[in-house]
Amino acid sequence: MNNEKLIELRSISKSYDGEKVLRSIDLDIHKKEFVTLLGPSGCGKTTTLRIIAGFENPDEGEVIFEGKKINEIPPYKRHINTVFQRYALFPNLNVYENIAFGLRLKKLSDEEIKQRVSEMLALVNLKGFEKRDVTSLSGGQQQRVAIARALINKPEVLLLDEPLGALDLKLRKDMQVELKRMQRQTGITFVYVTHDQEEALSMSDTVVVMANGEIQQIGTPEKIYNEPENAFVADFIGESNIVNGTMIKDYLVSFAGQTFTCEDAGFAPGEPVDVVVRPEDIDIVPVENCMLTGKVTSVTFKGDYYEIIVDIDNFKWMIETTDRVKPGQTIGISIDPYEIQVMKKSEFSGMFGDYSTFSDEMEHLSELPAEDAE
Amino acid sequence: MTATVKKSRRSLTAAPHIVWAILFIIAPLIFVAVYSFTASDGSFTFENFAALGDYTDAFVRSASYSLIATFICLLIGYPLAYAISNAAPKMQRILIMMVMLPMWINFLIRTYAIMKILEDTGIINTVLQAIFGEEFELHMINTPGAVIFGMVYDYLPYMVLPIYTVLQKLDPKLSEAAADLGCNKVQTLFKVTLPLSVSGIVSGITMVFVPSISTFYISQKLGGGQYLLIGDAIETAFGNTTTYNIGASMSLVLMIIVLLSTAIMNRFDKSENEGGAIV
């Protein structure tokens, strides 16, 4: 990754049937970067991808590629290739011809096509599959053909639209590692769309969190996780306790009836804020020397830790701990200054971060790969 | 429930269909075969097939007219089906309705209507004469062109519908993938859409060619009886009890021609069971 800008989106807006799906998106994508657009279905991530590919035209704003505006350039003239959500392989062609499709259009010689197809088959670990019928392949194999078919054209950018959505968990993990390897090996910029936060965190150089057609935060995976900018980002990435607080002055914030030192500054004195504390960053301490006390309402064994829900000042907190506690027990907790993340109030304040209605079942339901209705 | 009971139940429910098939499909076929190999007194003979030589012209004419009509139907039908499948969903329903609408009207009435339109004193000539003067006349009726026009008009929906069905089911992502890999609109049509709609084209061709080659009445009305088609010859033969046997042999030969051409067509369609069915 370097700092040379490859794609710039400038104030992109898009509506379908009067409904705004993108509201003034600004985004820079750099050369050799692995960028992930992350968000729930309907957040506009797929539309953003389709605008970069040229399948959709933005209502407003500019798409800039290597410094030139490309709004009017049709998809077939852009140096961009796409891996589609459900692969979109040509069912009438075998693996070899699917991969060779782009090169045949460029009228390359048979020898060159043959050589480049075999390079691609090696890259995606499908050697010996040349003559196979694409409809006879498994989902993972079709996925690899789709990637090879796109990469063989040596695009400047590869767009991937939830490419692992249809694969099972084990295969998904393997493909994540492989995609990252392919990206490093080819040096091509990847723009990856997913609703899976773990996928986004483990693969990307840059994560772009989207919701309601707007970009909520752009940053490295660490920054997105450790310093979320608003309640939506904090909640969408990992588990978080989000409570109302007041900034007393720089480096001093009050919440849950107590005052805490923190590492945040730049807020107005007395400004209402959202405070995020990750469940794994909360320490359980003896009641005598604690900052807050709370009553344990539930304990769930998770293998290498316990997930406990604690009622502190009528707000349900989630804590991940290796200490054994019992439901009904009163415990003391302590939070280190660097574990407290203070955020400005946003439209998402109060919507997330309270575990009073939390149940594991609900959480699993919401993690099901939703059919993207974008 | 044991497998045999299940099986016998299943064949029991199929009984009405089997009876139907025997009565109306198999029995007539046997009659046709028997008649074609017997003389009017019931004795076995090949005479009927020897006599077919007199009808060579009619066979050749039927085959060539129906091939031309099928080709024209394909030329008009494919672009039409393509355009309809690319229209907005609501518009698609209206357009398909318009394609099917003529099929609601009786075949004979439609043919009469075409006759009235193409006549020397018909609508077209009346309009042309109003524009270019009294002496102007475009002679259309009673020509081979009029007969082929009639076939195209009558059977065009059978070309459009199966092609439309296949095109409409094509994943739009495939066209996007083609565009993504460097195809412009024309290349996408020829490299992706067309190869993937072969099954629709094959059933369209079959569904137009088969009724065209055996058609009757169209030529009598639009060709003025000058261009004998095999369908008309069969009709005439069965109009007289003494020529039943030769009519049967003509039917049998026609049936074999149709079966052969269908078999040849199906070789082009590698993807079995994929759309292309009658709507």
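## Two antiparallel helices in chain B

In this predicted model, helices α11(B) and α14(B) are roughly antiparallel to each other. Helix α11 of chain B covers residues 198–213 and helix α14 of chain B covers residues 244–268; they pack at an angle of about 170°. An angle over 145 degrees counts as roughly antiparallel, which means that this pair falls in that class. The axes of the two helices are 9 Å apart.

On the α11(B) side, the contact is made by B:V198, B:V202, B:I205, B:T206, B:F209, B:V210 and B:I213. On the α14(B) side, the residues are B:V258, B:S261, B:T262, B:M265, B:N266 and B:F268. Sorted by class, this contact has nine nonpolar and four polar residues, and no charged ones.

## Chain B as a whole

Chain B has 14 helices and zero strands. Its C-alpha atoms fill a box of roughly 80 × 70 × 30 Å, taken along the principal axes.

Of the 279 residues in chain B, 32% are buried. Among contacts in this chain between residues at least 6 apart in sequence, 75% join residues at least 24 apart.

## Chain A and its domains

In chain A the secondary structure comes to nine helices and 20 strands. The C-alpha atoms of chain A fill a box of roughly 80 × 45 × 40 Å along the principal axes. Buried residues account for 39% of the 374 residues in this chain. Of the contacts in chain A with a separation of 6 or more, 68% are between residues 24 or more positions apart.

The domain assignment divides chain A into domain 1 (5–225) and domain 2 (239–367). Taken over C-alpha atoms, the centres of the two domains are separated by 38 Å.

## The nonpolar cores

The largest nonpolar core has 103 residues, and the members that touch the most others are A:I52, A:A148, A:L159, A:V191 and A:V253. Helix α4 of chain A (residues 139–151) gives the most to this core, with six residues. Domain 1 and domain 2 of chain A both give residues to the core, so it lies between them.

Leaving aside residues up to four places away in sequence, A:A148 touches A:I99, A:M120, A:L121, A:L123 and A:V124. A second, separate core has 46 residues, including B:M151, B:Y155, B:I163 and B:F209. B:F209 is also one of the α11(B) residues in the contact with α14(B).

## A buried glutamine in chain A

A:Q183 is located in helix α5 of chain A, which covers residues 169–186. With 21 other C-beta atoms within 10 Å, A:Q183 is buried; the cut-off for a buried residue is 20 or more.

Not counting residues up to four places away in sequence, A:Q183 touches A:F34, A:I188 and A:F190. The C-alpha atoms of A:Q183 and A:K32 are 8.1 Å from each other, although the two residues are 151 residues apart along the chain.

## Where the chains meet

The contact between the chains takes 17 residues from chain A and 15 residues from chain B. On the side of chain A that touches chain B, β6 (80–83) and α2 (95–105) of chain A each supply at least two residues. Helix α2(A) gives the most to this side, with three residues.

By class, the side of chain A that touches chain B has nine nonpolar, five polar and three charged residues.

Methods. Residues numbered from 1 in each chain as written. Chains lettered and ligands numbered in written order. Predicted model: local features only at pLDDT ≥ 70, side-chain atom pairs only at ≥ 80, totals over all residues. Core = buried A, V, L, I, M, F, W, Y, C linked by C-beta atoms within 7 Å. Buried ≥ 20, exposed ≤ 12 C-beta atoms within 10 Å, placed from the backbone. Helix = DSSP H or I, 4+ residues; strand = E, 2+ residues; numbered from the N terminus. Domains from an automatic or database assignment. Contact = placed C-beta atoms within 7 Å. Axes fitted to C-alpha atoms, helices over the stretch in contact; angles between N-to-C directions. Parallel < 35°, antiparallel > 145°, perpendicular 65-115°, else oblique. Nonpolar A, V, L, I, M, F, W, Y, C, P; charged D, E, K, R; others polar.
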